Amino acid sequence: MRAARDLALAGAALLVALGLGACGERDQVTVYKQGKYQGKPDPKPWENDPAASLYTTSKWGKGDKTSWETAVKARNLAQNEYTRVE
């Protein structure tokens, strides 16, 4: 009987210790420095590899801004319902 009581007290002490340990969570707020960008700089869209997407059929060269703009304009024309119906 004494062993069961000791086991119950040990279990209760363990539950109290785990319960108090869960209350010690630190704040997870990011501290930003004023005027400093902490992230990765984004590249220009035309500097990406044109074959990166499996679903595009546009032909433009990596780093060529004018061919990228032409491909975007052609894609936009294909999304216009009025020109697709005619």
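Biologist: What share of the 86 residues in the protein chain is made up of buried residues?

Modeller: In this predicted model, buried residues make up 6% of the 86 residues in the protein chain, and the accessible surface of the chain comes to about 8400 Å², with 58% of that belonging to carbon and sulfur atoms.

Biologist: Why is Ser67 called buried?

Modeller: The relative accessible area of Ser67 is 17%, and the word buried applies under 20%, so Ser67 is counted as buried.

Biologist: Where is Ser67 found, and which residues does Ser67 touch, leaving aside those up to four places away in sequence?

Modeller: Ser67 is found in helix H2, which covers residues 65–78, and, with residues up to four places away in sequence not counted, Ser67 touches Trp60 and Gly61.

Biologist: What makes the pairing of the Ser67 and Asp64 side chains a polar contact?

Modeller: The two side chains make their contact at 3.1 Å, and the cut-off for a pair of N or O atoms is within 3.5 Å, so the pair is called a polar contact.

Biologist: Where in the protein chain is confidence lowest, and where is it highest?

Modeller: Confidence is lowest in helix H3 (residues 81–85), at a mean of 69, and highest in H2, at 84, while the mean pLDDT of the protein chain is 78. Where pLDDT is low, the predicted coordinates should not be read in detail.

How values were computed. Residues are numbered from 1 along each chain as its sequence is written. This is a predicted model: local features need pLDDT of at least 70, side-chain atom pairs count only at pLDDT 80 or more; totals for chains, interfaces and linings use all residues. Side-chain values use heavy atoms; hydrogens and water are left out. Buried means under 20% relative accessible area, exposed over 50%, partly exposed in between (1.4 Å probe, protein chains only). Accessible areas come from the Shrake-Rupley method with a 1.4 Å probe; for residues, only the protein chains shown count as cover. Helices (H or I, at least four residues) and strands (E, at least two) are DSSP runs, numbered from the N terminus. A polar contact is a pair of N or O atoms within 3.5 Å; within protein, one must be able to donate a hydrogen and the other to accept it, and residues adjacent in sequence count only if both atoms are side-chain atoms. Contact means heavy atoms within 4.5 Å. pLDDT is the predictor's confidence in each residue, from 0 to 100.
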